[in-house]
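Let us go through how to read this model, one feature at a time.

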Amino acid sequence: QLQLVESGGGLVQPGGSLRLSCAASGFPLDYYAIGWFRQAPGKEPEGVSCISSNNGTTYYVDSVKGRFTISRDNAKNTVYLHMNSLKPEDTAVYYCAADGGGDAYYYCSGYVDQYDYWGQGTQVTVSS
């Protein structure tokens with residue numbers, strides 16, 4: 001069974017950068033579309049970014065466009081979320097998720113229901 005482990009979260013000042021990692025075990029990650037989600041206290045989960053299995057489709061929620069970049073390293077079985085120009089409103093627990101469905105090769109989305117496997121999350125706090 002696919003297992004996902006996030007890392008790279010922490011405390012950063014506004015304007016700073018972090019790189020989140022989503023490391024997979026149990027199955028090659030390149031079979032899956034991968035999504036990054038975040039959930040702030042008292043709020044619903046939000047789809048932040050995703051990448052299809054063939055890397056041909058990516059998605060970013062409007063609030064992170066131009067600041068966040070998703071990438072995949074198949075040799076390391078890891079997907080990254082590079083976060084720059086961080087803002088206090090980016091503070092949340094960040095989760096990665098995997099979709100191995102038939103359309104994952106060319107499609108991904110920011111919808112929670114698309115994804116079957118989830119990591120445990122990593123906290124990102126942006127504060128001065």
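**Reading the fold and its disulfides**

Q: What does the radius of gyration say about the chain?
A: The radius of gyration is taken over C-alpha atoms, and the globule rule is 2.2 Å times the number of residues to the power 0.38. For 128 residues a compact globule would have a value near 14 Å, and the chain has 13 Å, which agrees. The C-alpha trace spans about 45 × 25 × 25 Å along its principal axes.

Q: What is the basis of the values?
A: This is a predicted model, in which local features need pLDDT of at least 70 and side-chain atom pairs count only at pLDDT 80 or more, while totals for chains, interfaces and linings use all residues. Residues are numbered from 1 along each chain as its sequence is written, and side-chain values use heavy atoms, with hydrogens and water left out.

Q: How many helices and strands does the chain have?
A: Helices (H or I, at least four residues) and strands (E, at least two) are DSSP runs, numbered from the N terminus. Here there are 0 helices and 11 strands.

Q: Which share of the residues is buried?
A: Buried means under 20% relative accessible area (1.4 Å probe, protein chains only), exposed over 50%, and partly exposed in between. In this chain 45% of the 128 residues are buried.

Q: What do the contacts show about separation in sequence?
A: A contact means heavy atoms within 4.5 Å. Of the contacts between residues at least 6 apart in sequence, 61% join residues at least 24 apart.

Q: Where does the link of Cys22 and Cys96 lie?
A: Its S to S distance is 2.1 Å, and with 70° about the S-S bond the link is right-handed. Cys22 belongs to strand β3 (residues 18–25) and Cys96 to strand β9 (residues 92–99), so the pair ties together parts that are 74 residues apart in sequence. Both Cys22 and Cys96 are buried.

Q: Which parts of the chain does the pair Cys50 and Cys108 link?
A: The sulfur atoms of Cys50 and Cys108 are 2.1 Å apart, and this link is right-handed, with 70° about the S-S bond. Cys50 sits in strand β5 (residues 46–51), whereas Cys108 is in the loop between β9 and β10 (117–118), 58 residues apart. Cys50 and Cys108 are both buried.

How values were computed. A disulfide is a pair of cysteine sulfur atoms within 2.5 Å.
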